[in-house]
Amino acid sequence: AACYSGELIIELVFNMGGEIGDKAILGLIRLLVNRLIDAQQPALIQNLTSFLARLIHSKGSKTFIDILSSFPESKGGNSTSLAPVLKVWTDTFESFFSSFQKKLSILALAKLLASNDPRVYNLTVEVQRIQPPPPGRRATRSNTTTRKVNISMATRIVELLCIEFRHHFEQAVLDSQKEETDEYLDLSDLLFLNAARIEDEAEEDPRIKDDPIYAVDLLTVIPNIMRAMARDRAKELKVIHSQLSSQSKEELDAALKHKGGAQGVKKQC
């Protein structure tokens, strides 16, 4: 399965590390990181980041950050590989086609956010922002423009968490309506929302169901992450909030208020 590509490297690093030695492991990781930085295809980036996500889940955020901070950037200079890896990862995340891989990936990024490590928080990334239309004019394709802005990597991760919260919330609403009305959902809705695709992937590869990540309810976890930040790191969250797009601010506010996970959506419906 696509979400288990690179399984040989995962097996070597996580299950045979004692046999091949730390130096060989770091060499494998460095080769993978250099390939990821130069990668162009979303499918390849998805498969390479699956390894890094598992590294975070198994070894912790600090180990991941320490390792990538020890690698010089493949193109030279004084910077490390941490910034370009996270840029490629977050730039391409929304193009990942595997629902399971997206869950694996977003939860790994959430752990980086929760680490509160300045080596992540102090990074910046360039993103596109939609400019509002002129006063008194309705937004149309012809008068919609974008501009480039720099935001912190922490803000970018929060944006992606908000996007995943919205997608899963909308999917839960559709699932609830389908249960109540037993109506057939339009194919375009399924494609847009990745409806039930994680279940389809689990049918194709039973190992996915055995992975603890599979059972995680993002409609529970993401609001809990946001509420923990609001409680424990209110100053940092205020700075992040100021850098979010208008839509992401609305999604963040909705996540902070949401309770009950996927079942909570059904009760609201």
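1. Buried means under 20% relative accessible area, exposed means over 50%, and partly exposed lies in between (1.4 Å probe, protein chains only). By that rule, Trp89 is buried, at 0% relative accessibility. Phe64 is buried as well, with a relative accessible area of 0%.

2. This is a predicted model: local features need pLDDT of at least 70, side-chain atom pairs count only at pLDDT 80 or more, and totals for chains, interfaces and linings use all residues. Residues are numbered from 1 along each chain as its sequence is written, and side-chain values use heavy atoms, without hydrogens and water.

3. How many aromatic pairs does a search of the whole structure find? It finds three. Rings of Phe, Tyr and Trp (its six-membered ring) pair if their centres lie within 6.5 Å; planes under 30 degrees apart are stacked, over 60 edge-to-face, the rest tilted. Phe64 lies in helix 5 (residues 61-70) and Trp89 in helix 6 (residues 82-92), so the pair ties together parts 25 residues apart in sequence. Helices here are DSSP runs (H or I, at least four residues), numbered from the N terminus.

4. Next come Phe165 and Phe169. Their ring centres are 5.9 Å apart and their planes at 35°, so this pair is tilted. Both residues lie in helix 9 (residues 153-181), four residues apart, about one turn of the helix. Phe165 is buried at 3% relative accessibility, whereas Phe169 is partly exposed at 23%.

5. Finally, helix 11. Glu204 is found there. Glu204 is exposed, with a relative accessible area of 69%.

Technical notes:
Helix = DSSP H or I, 4+ residues; strand = E, 2+ residues; numbered from the N terminus.
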